[in-house]
Amino acid sequence: MNLGRFPRIRLGHLPTPLEPMERLTRHLGGPRLWIKRDDCTGLSTGGNKTRKLEFLVAEALAQGADTVITQGATQSNHARQTAAAAARLGLACHILLEDRTGSTDPAYTRSGNVLLDRLHGAGISHRAGGADMQAEMEALAAELRAAGRRPYVIPGGGSNPVGALGYVNAALELVNQAAEAGLRIDHVVHATGSAGTQAGLVTGLVALNSGIPVLGIGVRAPRERQEANVLALARRTAAHLGLPEETLRAEHVVANCDYVGQGYGVPTEGMVEAVRLLAEQEGILLDPVYSGKGMAGLIDLIGKGHFGRDENVVFLHTGGAVGLFGYPATFGAAG
């Protein structure tokens, strides 16, 4: 599994820390909780998309692109990090933002990630909820080609086999960190949405024969669809690496989608409690769309006895705390 044969541009502050959450562990009464700080990747406040973009923008440049196009929800962390990567590399950037929540709060539509998209110089256009965003990006790419530009289309979340290589690499990084620390990792838990992070982690951990299971806490799709999306992408990622697709089996992919609430980006009581708890217990900021719901799921599962008291559980923090500024009323900070 030689990742060195794929184009890559170093954008992140890697490796990210692997830290114990001692106060939270005591507060919840076990298991032993750890956090992989992929909120500290460094690119425009950090986040998990930085790892994917290292491979995606490298491929874009290798293909001679002068423009990148991507899409996401209004408060998309991926869009913000893509805009930052494009700015750093001198590429034009076009972002299509889909209205998935229906919120008209100016804090949501103009602050947080949207503000940073604009600061990085990205062009932004909006689409209604439910639009075929891949088709919308391809249509824009055709317009740009007709105008003499060379666009490279990045899927939502950076979630394709090229982007997933970033989390194959993260799996290698995590296993090495655990070995150096003498840490036995019993579970990895993280928020799963567009599937690339979970697919890359699963592919890497299975290829390494690590025996470490990954639990994705879904933030959008029902469980059956989420697991199918992750498995399909994991198999495509394995093939991209030159591994047999059958290396990845259905039992390797587990998602729990009980914590989505009313929909993607729509706050839940559990999310709010989880964000406040991490802030108060560990001085760590989660985000309201991904890591907040992921942590809410982890906390609830701990309360239900899902994990052994003496097991080591690593929560992968996917970043995005800047999104908190798009939800001031949710946290009692409006007005």
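Tutor: Start with the second largest pocket, which has a volume of about 320 Å³. Keep in mind that this is a predicted model.

Student: Which residues lie nearest the centre of the second largest pocket?

Tutor: Ile-212, Pro-213, Val-214, Glu-251 and His-252 do, out of 19 lining residues. Strand 7, helix 8, strand 8 (214-218) and strand 9 each give two or more residues to that lining.

Student: What makes a residue a lining residue?

Tutor: An atom within 4 Å of a grid point is what counts. Ile-212 is on the list for the second largest pocket, so it has such an atom.

Student: How does the lining of the second largest pocket divide by class?

Tutor: There are 11 nonpolar, seven polar and one charged residues.

Student: What is the volume of the largest pocket?

Tutor: About 840 Å³. Its lining holds 41 residues, with Gly-156, Gly-193, Ser-194, Ala-195 and Arg-220 nearest the centre.

Student: Which helix gives the largest share of the lining of the largest pocket?

Tutor: Helix 9, with six residues. Other elements supply at least two each, including helix 2 (49-62), strand 3 and helix 6 (133-146).

Student: Now cavities. How many of 30 Å³ or more does the search find?

Tutor: One, in a search of the whole structure. The largest cavity holds about 40 Å³ of space.

Student: What makes a space a cavity rather than a pocket?

Tutor: The probe test decides: a 1.4 Å probe fits in a cavity but cannot get out, whereas a pocket is an open set. The lining of the largest cavity is Lys-36, Asp-38, Tyr-167, Ala-170, Leu-174, Val-188, Leu-201 and Leu-316. Six of these residues are nonpolar, none is polar and two are charged. Helix 7 (residues 161-181) gives the most, three residues.

Student: On to the helices. Why are helix 10 and helix 11 called roughly perpendicular?

Tutor: Helix 10 (residues 269-282) and helix 11 (residues 291-303) pack at about 90°. Roughly perpendicular covers 65 to 115 degrees. The angle falls in that range, so the two helices are roughly perpendicular to each other. Their axes are 8 Å apart.

Student: How do you know that helix 10 and helix 11 meet?

Tutor: Contact means heavy atoms within 4.5 Å. Residues of helix 10, among them Gly-270, Met-271 and Ala-274, meet residues of helix 11 that include Gly-292, Lys-293 and Met-295. The contact residues divide into eight nonpolar, two polar and one charged.

Student: What is the strand order of the sheet of six strands?

Tutor: The order is 1-2-10-7-8-9, in an open sheet with mixed pairing. Strand 1 (18-20) and strand 9 (254-256) each have a single partner strand, so they stand at the edges. The twist averages 30° from one strand to the next.

Student: What makes strand 7 and strand 10 a pair?

Tutor: At least two bridges are required. Strand 7 (residues 187-192) and strand 10 (residues 312-317) have three, in the parallel sense. His-187 has Val-313 in strand 10 as its bridge partner.

Student: What is the strand order of the sheet of four strands?

Tutor: It is 5-4-3-6, an open sheet with parallel pairing. Strand 5 (123-127) and strand 6 (151-153) are the edge strands, each pairing on one side only. Strand 4 (residues 92-98) pairs with strand 5 over five bridges. His-94 stands opposite Gly-123 in strand 5.

Student: How does the direction of helix 3 compare with that of strand 4?

Tutor: The two directions make about 170°.

Note on methods: Residues are numbered from 1 along each chain as its sequence is written. This is a predicted model: local features need pLDDT of at least 70, side-chain atom pairs count only at pLDDT 80 or more; totals for chains, interfaces and linings use all residues. Side-chain values use heavy atoms; hydrogens and water are left out. On a 1 Å grid over the protein atoms alone, a cavity is a set of points where a 1.4 Å probe fits but cannot get out, and a pocket is an open set with protein on both sides within 12 Å along at least five of seven lines; lining residues have an atom within 4 Å of a point. Grid points are joined across faces, edges and corners, and a volume is the space filled by probe spheres set on the points. Ala, Val, Leu, Ile, Met, Phe, Trp, Tyr, Cys and Pro count as nonpolar, Asp, Glu, Lys and Arg as charged, and the others, Gly among them, as polar. Axes are lines fitted to C-alpha atoms, for helices over the stretch in contact, and angles run from 0 to 180 degrees between N-to-C directions. Angles under 35 degrees count as roughly parallel, over 145 as roughly antiparallel, 65 to 115 as roughly perpendicular and the rest as oblique.
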